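Work through the exercises below with the model open beside you. Try each task before reading its solution.

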Amino acid sequence: MGTKKLKPLIFNAKLNSLRSIKKEIEVNNVIDSYKEQLEDLFLIRNPRFRFNKNYQKELEDFILKYSDGDSLERCGNWVYFPWNKNLVHYLEKDLHQEIRTARNKNLITESEQKKIYNAKIGIAGLSVGSHGALAIALMGVSKKIKLADPDVISPTNLNRIISDFTNIGINKAELIGRYIYQLNPYANLEIYTEGINRNNMVDFVKDLDILVEELDDIKIKYEIRVEARKRKIPVIMATDNGDNVIIDIERYDLNPKQLPFHGSLKGFEIESIDHNPLKLYEAMAKIIDLSFVPTRVIKSINEVGKTIYSWPQLVTAAMLSGSVISYIVKKIILNEKIRSGKLEVNLNKIFDLDYNKELKERKKMVFHFKKSLKIKNK
C-alpha cells in the first residue's frame with residue numbers, strides 16, 4: 001500500500017539504562033531536558049507560582065516524590081530517532097501530553113483537548129498541507145495522522161515549506177512525519193511516500209474523521225472526494241492564492257448527497273483532461289473560482305512553461321493555510337457550527353488600500369480568461 005515505517009524506538013528508562021541503550025544502538029547525541037520538563041509540569045500544576053519565583057523547595061520536593069528518590073535518568077522514557085540517531089529523554093505519554101498542551105487552556109478545555117487528540121486526520125499533499133499538518137500537531141490535535149506525498153523537498157520548495165537545505169531530497173511526508181514524532185513520540189503516524197493513487201486511496205480514506213486534501217492531480221482530487229462522500233467524511237481544501245487563501249469545506253458528514261467541489265464540475269468530463277491541456281485549465285478555473293484570484297496570479301497562469309517554471313506560491317499564504325486548516329479541523333471535531341462551501345481569507349481586502357482598484361482589473365481579466373477557455377461568464 002506504499003506506507004513507510006517511520007517510528008521512533010521507545011525505551012522505558014526504568015527497564016533500560018542509558019548505558020545499555022547506547023551499547024544496543026548507535027547514538028549520535030543524547031538530549032536530556034528531563035529536569036526542565038518536570039519543572040514545567042510542576043509550574044502548570046501550581047499556577048500560584050506564576051508571580052512568585054520562590055518555589056525551589058517545593059520543586060525539589062515535587063521531583064523527589066515523582067522520582068521516588070531514584071535518578072532522573074531512570075525516569076520516563078528514552079526515545080531514539082533512527083533518522084538522526086538522537087536519543088531524547090521524554091516524560092511518560094500522559095504527562096508529555098499534559099505539558100505539551102498546557103498553554104491551550106482555557107481556549108481549549110480539557111475535555112475538548114481529549115476529543116481532538118483522539119480524532120484521526122488524513123492530510124494528502126504536503127506542500128500547503130505541511131503547514132496544516134504542523135499546526136494540527138502543535139495544537140495537540142490527532143495522535144493518529146496519515147500523511148501522503150510522493151515528492152521530495154527541492155530547493156524551490158524552500159520559499160514556503162518550513163525546512164532547510166539539509167533536507168533536500170527527503171520525501172515530504174517523511175520529513176513532516178519526523179517533525180511530528182519529535183514533537184510527540186507517542187503519536188501514531190502512517191506515511192504514504194507514494195502519495196495517493198487509485199490503489200491506496202480507499203486504504204487512506206476509510207477510517208478518517210476528516211480528510212485534508214491538497215493534491216495536484218485533479219482526477220485523484222475528484223475521486224478521493226467520491227470515496228470520502230461514501231463514508232460521510234468531511235473534506236477540507238486550502239488553496240494558497242497570492243498572499244491569501246481560498247478554503248473549501250465539504251461536509252459530506254452532514255450532506256452525503258453533496259457533489260464534489262460543491263458541484264462546480266457537474267457535467268464536466270473529468271477524463272477529458274488527459275487528452276486536452278485546455279481542459280485542465282478549465283477544470284482548475286471551475287474548481288478554484290477565478291473571481292477570488294488576484295491579477296498577478298491570473299497573469300502568471302499563461303506564463304507557466306514560458307517565463308516561469310511553475311505556479312507562483314508564497315509562504316504568507318502557505319502558513320495562513322495551516323492556521324485556517326487547523327482551525328476548521330478543531331471546529332468540526334468539536335461539532336461546532338461553522339460555514340461550509342467555498343470561502344476566502346483575504347489579507348489584501350483588509351490591508352491593501354488599492355484593493356478595489358485591483359478588483360476591477362481582475363474582473364476584466366477573469367472575463368477574458370474564461371472566454372479563452374470557452375467557459376460561460378455569469
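Buried means under 20% relative accessible area, exposed means over 50%, and partly exposed lies in between (1.4 Å probe, protein chains only). This is a predicted model: local features need pLDDT of at least 70, side-chain atom pairs count only at pLDDT 80 or more, and totals for chains, interfaces and linings use all residues. Residues are numbered from 1 along each chain as its sequence is written, and side-chain values use heavy atoms, with hydrogens and water left out.

**Exercise 1. Classify the ring pair Phe42 and Tyr55.**

Solution. Start with the rule. Rings of Phe, Tyr and Trp (its six-membered ring) pair if their centres lie within 6.5 Å; planes under 30 degrees apart count as stacked, over 60 as edge-to-face and the rest as tilted. By this rule there are 9 aromatic pairs. In the pair of Phe42 and Tyr55, the centres are 5.8 Å apart and the planes stand at 40°, so the pair is tilted.

Helices (H or I, at least four residues) and strands (E, at least two) are DSSP runs, numbered from the N terminus. Phe42 belongs to helix H2 (residues 34-45), while Tyr55 is in the loop between H2 and helix H3 (56-67), so the pair ties together parts 13 residues apart in sequence.

Then check burial. Phe42 has 3% relative accessibility, so it counts as buried. Tyr55, at 8%, is buried too. Finally, look around the pair: ring pairs link Phe42, Phe49, Tyr55 and Phe62 into a cluster.

**Exercise 2. Which residues of the largest nonpolar core touch the most other members?**

Solution. A nonpolar core is a set of buried Ala, Val, Leu, Ile, Met, Phe, Trp, Tyr and Cys residues joined through side-chain atoms within 4.5 Å. The largest has 45 residues, and Ile121, Ile123, Leu147 and Val329 touch the most other members. H12 gives the largest share of this core, 7 residues. Another core lies apart from it, with 16 residues, among them Met201, Phe204, Val205 and Ile224.

Now take one residue, counting as contact heavy atoms within 4.5 Å. Not counting residues up to four places away in sequence, the contacts of Leu147 include Ile123, Ala173, Ile191 and Phe204.

**Exercise 3. Describe the open sheet of 4 strands.**

Solution. Two strands pair if DSSP finds at least two bridges between them. The order is E2-E4-E5-E3, with mixed pairing. Strand E2 (9-12) and strand E3 (29-31) are the edges, each pairing on one side only. E3 and strand E5 (residues 86-90) pair in the parallel sense over 3 bridges. Ile31 stands opposite Val88 in E5.

**Exercise 4. Is Glu223 buried or exposed?**

Solution. Glu223 is found in helix H9 (residues 218-230). Its relative accessibility is 18%, so Glu223 counts as buried. Not counting residues up to four places away in sequence, Glu223 touches Arg198 and Met201.
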